[in-house]
Amino acid sequence: MRMLPRFLSGLLCLCLLCGLPLAAQAQDDPGQALLDPLATASYAEKGEAIEAIIESGDARSRRWLEALLGGKLQRHKDTGRFVVVVENRGRNWPVVDALSFEDAGEMSRRELDRIGINNALRGQLQGALAVLDLHADEVRERREAARALLGDVDAGLVEPIRAVIDGEEDAEVRRLLEQALAIHRLEEGEAAAVDALSGSLNAQVRSALNAASRSEDPELAAAATSALADIEQKMTLNRGLETLYFGLSLGSVLVLAAIGLAITFGVMGGINMAHGELIMLGAYTTWAMQQLLPGQPGLALLLSIPAGFLVAALAGVVIERGVIQFLKGRPLETLLATFGVSLILQQLVRTVISPQNRSVVTPEWMSGSLMLNEGLSLTLNRLYVLGFALVVFAALMLVMRRTRLGLEVRAVTQNRGMARAMGIRATRVDILTFALGAGVAGLAGVALSQLTNVGPNLGQNYIIDSFMVVVFGGVGNLWGTLVAGLSLGVINQVLEPWAGAVLAKIVVLVFIILFIQKRPRGLFPQKGRAAEG
Amino acid sequence: MTSRRPAMRAHWLAAPLLSLAVVTPALAQEDPIKVGILHSLSGTMAISETVLKDTVEMLVEQQNAEGGLLGRELEAVVVDPASDWPLFAEKARELLAQEEVDVIFGNWTSVSRKSVLPVVEELNGLLFYPVQYEGEESSENVFYTGAAPNQQAIPAVNYLHDQVGVERWVLAGTDYVYPRTTNKILEAFLKNEFGVVDEDIMVNYTPFGHSDWQNIVSEIKAFGSEGRKTAVVSTINGDANVPFYRELGNQGIDAADIPVVAFSVGEQELTGIDTGPLVGHLAAWNYFMSVDTDTNYDFIDAWIAHTGDEMAVTNDPMEAHYIGFNMWTEAVRKAGTTDVDAVKDAIIGVSVPNLSGGYAAMMPNHHITKPVLIGEIQDNGQFSIVWETPSTVAGDAWSDYLEGSRDLISDWRKPMECGNYNVVRGSCGGSQAEEEASE
């Protein structure tokens with residue numbers, strides 16, 4: 001900025017010197033005449049101005065519309081010059097000229113008037129851009145554009161879309177466009193359009209049919225109602241699958257959060273109340289990684305997986321050496337001490353980083369949803385987390401069943417004294433197990449950073465749930481944790497639609513209490529004499 | 001730790017003041033005017049309240065730079081109630097009884113205000129409350145500089161109905177007193193004013209910090225595919241909004257299809273979110289950082305200088321403190337003293353500039369006049385204002401849309417001096433329905 005005022009004033013002098021010709025040049029540019037009408041407070045007039053831009057066929061119109069859609073088309077208050085803001089964070093923004101798209105230095109937000117749009121105009125712009133996108137080279141882009149047009153077709157678009165359908169080679173794009181036209185015909189009150197739409201599970205189609213079923217025209221209303229009944233039948237299955245997916249997804253989060261606790265529970269013989277904060281550390285590691293690698297959220301997220309594991313595992317070792325080893329065999333004191341550790345860690349994050357939540361970016365390939373059919377789509381971020389949870393579980397099973405460490409951990413968990421008598425160094429096993437459990441908590445944090453807030457309270461929200469899962473599944477049993485987590489998730493999501501989120505949680509809690517009354521050792525109790533000790 | 005800092009600063013100030021004693025006895029003999037700040041600096045609400053503490057500190061510094069008030073220095077006294085509602089009452093008592101502050105700026109959640117209320121009334125303090133709230137309350141000792149429901153919720157719903165053509169309504173909120181009361185008022189308003197029937201209203205409550213929104217968003221999607229324009233009126237509070245909006249984006253709910261208008265999401269909350277998928281969703285406030293006035297730009301510059309953070313944002317409750325602080329200083333000047341009773345009388349009718357180019361006046365019911373703005377979320381975490389009320393709206397303590405509450409008015413001027421005067425019965429003391437409404 002220090003350099004720029006001089007640059008700007010230089011520019012200004014230049015303008016003054018050649019003042020008239022430059023102004024005349026701007027006047028001559030037909031673009032100026034197209035943009036000028038946008039500088040009005042009336043949204044209706046802006047709509048007309050946008051219409052004029054679209055019809056002008058000016059080569060720059062696409063960039064103007066995109067800038068307008070992003071709120072980046074702005075007008076200098078004094079000179080009336082239109083600019084496109086390149087980066088609109090902070091106080092001084094780099095801008096380019098809206099006519100020539102040449103660099104125009106920096107301007108402060110005090111000098112600029114934004115050409116504001118509302119939702120109606122946004123719809124108009126998106127429609128116009130979608131029509132332009134129908135000519136894109138990529139099939140995927142054309143399909144997306146066609147889908148965006150569903151329910152947004154107005155009379156002016158019918159002819160251009162027809163022309164596109166005739167020239168389009170991809171069947172899917174043609175089908176979507178036909179559907180978009182049929183919705184438009186339906187809205188115009190044409191009963192025959194219902195046939196073209198029946199069987200589609202698309203939300204826009206259903207919405208249009210619903211509106212039509214309330215129509216004054218009895219023929220149209222009847223046709224729409226029967227088409228809707230058909231769709232409704234197909235939707236029931238979809239809804240069931242959707243609820244199952246929601247449940248598994250919630251369950252996978254519970255499993256991830258709880259599984260580390262299940263491992264440490266075994267060796268400690270008590271609850272590690274700081275487990276939630278270890279999850280939080282994993283999440284903050286993801287944030288820190290993204291700060292270190294700006295502009296590459298995906299890579300940062302992948303690197304956070306080992307980094308989150310290491311950070312949390314290290315913290316786990318420190319907690320084990322610093323606190324827990326002195327409290328062996330005193331579960332109540334362990335509980336209190338680790339609760340203290342959890343408070344310390346929380347306040348540490350608040351003081352050192354910030355009491356505010358941190359923004360963790362979701363990479364492009366994890367946003368949006370995977371469409372199975374028109375009525376059922378699975379959100380990608382949760383799908384990845386579900387897969388990640390299963391991979392972590394499988395890896396842990398391998399470690400516990402197939403490695404020397406796993407064998408020793410199982411031995412120490414079952415009978416500490418006997419294991420030591422057999423020459424196992426119990427202290428070393430304690431440290432390694434705790435590091436492993438804490439590391440897995442860190443992994444959970446990395447995954448959770450994609451689903452929820454990364455803030456000092458992140459851990460607190462999950463500690464009770466994890467505890468519930470571990471107790472329900474049977475203490476120290478990995479399979480138990482998996483089954484318990486997934487089933488609690490599904491039960492919760494099945495209950496939620498009719499009980500509400502608050503009541504569903506209570507019902508699940510009551511269910512667990514009753515279950516523990518009946519089977520105090522959980523779903524998969526440890527068997528044998530060792531379990532009694 | 002933070003709570004100790006002002007005390008240290010007091011010592012630091014005391015030394016030069018004492019040395020000045022010989023020269024200017026008048027200045028030195030007078031103690032500083034104490035400004036209490038009662039905002040959580042730790043716990044769940046720290047995310048929102050820390051900036052308000054900083055705001056008041058900044059205002060105090062500015063006032064001192066201009067020569068203080070009545071020739072006396074101002075001193076900020078900060079305590080940390082740690083998002084713990086009963087602790088708010090204890091800390092308020094500490095401020096009033098031990099520190100003997102002349103005024104308190106504080107609180108965010110309604111439940112914390114309800115906890116402080118009896119203390120402030122008992123010890124006759126002054127409390128400026130800067131956050132939008134559910135109304136149905138009026139206290140002699142509290143000044144509500146945030147919005148009452150008729151200054152935020154009702155105009156927002158009006159906008160959706162008249163300008164957007166919404167016919168079906170989802171009222172989604174966090175499960176506590178503010179969302180429940182606001183939604184009760186909104187339901188009554190929708191039914192009475194627009195004739196909306198029960199099946200066109202879906203009400204949903206979630207706990208604080210709720211993070212699994214899959215099912216609820218899917219329900220909203222189904223509710224919105226009935227072929228009539230649907231909108232979500234969100235009183236979801238705190239950071240539960242982040243996963244909520246993220247789920248909306250992932251399930252492909254676009255602002256053009258089902259707009260969400262939020263009453264608790266401001267610039268501060270958006271700093272924790274990738275706002276790309278949220279563009280076009282709405283919020284109703286009385287101030288946005290994007291307001292295009294010179295007073296606002298000056299305020300933002302001062303705020304950035306105070307925090308030392310180029311990217312620092314301002315929000316509505318900060319403006320409320322700005323207005324409240326200026327009203328209080330104006331009233332103290334008018335009364336010539338910081339005596340609580342004198343200031344209370346003097347402040348009614350005081351009018352100070354707000355940040356959106358107009359004036360805010362303190363009404364006899366201890367609420368202020370505010371413009372109502374509707375903004376759409378932009379991809380840079382700011383709001384673009386799409387609609388505003390033609391003039392300012394005076395805050396109404398008792399909603400006109402609730403049974404019982406409709407008959408009550410609040411007027412703290414002499415001779416009435418009553419917070420819940422029943423115009424039907426012609427006496428002070430509220431009504432039966434009011435007790436029910438305030439539960």
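The buried residues of α16(A) are A:Asn381, A:Arg382, A:Val385, A:Leu386, A:Ala389, A:Val392, A:Phe393 and A:Leu396. An α-helix has 3.6 residues a turn, so residues three or four places apart point the same way. The cover over the buried residues of α16(A) includes, from chain A, helix α12 (218-268), strand β7 (376-379), α19 and α21 (478-518), and, from chain B, helix α9 (241-250).

## Overall form of chain A

The secondary structure of chain A comes to 21 helices and seven strands. Its radius of gyration is 31 Å, well over the 24 Å that the globule rule gives for 533 residues, so chain A is more spread out than a compact globule. Taken along the principal axes, the C-alpha atoms of chain A fill a box of roughly 95 × 70 × 40 Å.

Chain A is divided into domain 1 (27-119) and domain 2 (252-459), and the centres of these two domains of chain A, taken over C-alpha atoms, are separated by 49 Å. Of the 533 residues of chain A, 44% count as buried, and among the chain A contacts between residues at least 6 apart in sequence, 66% join residues at least 24 apart.

## Domains of chain B

Chain B is divided into domain 1 (2-147 + 295-369), domain 2 (150-291 + 373-394) and domain 3 (405-437). The C-alpha centres of domain 1 and domain 2 of chain B lie 30 Å apart, and 24 residues of domain 1 of chain B are in contact with 23 residues of domain 2 of chain B. On the side of domain 1 that touches domain 2 in chain B, α3 (46-65), α5 (110-122), α11 (294-307) and α12 each supply at least two residues, and α3(B) gives the most, with three residues.

## Nonpolar cores

The largest nonpolar core has 127 residues, and those with the most contacts inside it are B:Val35 and B:Val261. Helix α12 of chain B (residues 316-335) contributes the largest share of this core, nine residues. Domain 1 and domain 2 of chain B both give residues to this core, so it lies between them. Leaving aside neighbours within four places in sequence, the contacts of B:Val35 include B:Val56, B:Val60, B:Leu74, B:Val77, B:Val101 and B:Phe105, as well as B:Glu75 and B:Asp102. Apart from this core lies another, of 78 residues, among them A:Leu250, A:Val267, A:Tyr284 and A:Val454.

## Confidence in chain A

Chain A averages a pLDDT of 84, and 93% of the residues score at least 70. In chain A, confidence is highest in helix α13 (residues 275-292), at a mean of 95, and lowest in helix α1 (residues 3-17), at 43. Over residues 1-25 of chain A pLDDT stays under 50, and the model has eight contacts beyond four places in sequence for that stretch. Where pLDDT is low, the predicted coordinates should not be read in detail.

Notes: Residues are numbered from 1 along each chain as its sequence is written. Chains are lettered from A and ligands numbered from 1 in the order in which they are written. This is a predicted model: local features need pLDDT of at least 70, side-chain atom pairs count only at pLDDT 80 or more; totals for chains, interfaces and linings use all residues. pLDDT is the predictor's confidence in each residue, from 0 to 100. Helices (H or I, at least four residues) and strands (E, at least two) are DSSP runs, numbered from the N terminus. Two residues are in contact if their C-beta atoms, placed from the backbone, lie within 7 Å. A nonpolar core is a set of buried Ala, Val, Leu, Ile, Met, Phe, Trp, Tyr and Cys residues joined through C-beta atoms within 7 Å. A residue is buried if 20 or more other C-beta atoms lie within 10 Å of its own, exposed if 12 or fewer, and partly exposed in between; C-beta atoms are placed from the backbone. Domain bounds come from an automatic or database domain assignment. The radius of gyration is taken over C-alpha atoms; the globule rule is 2.2 Å times the number of residues to the power 0.38.
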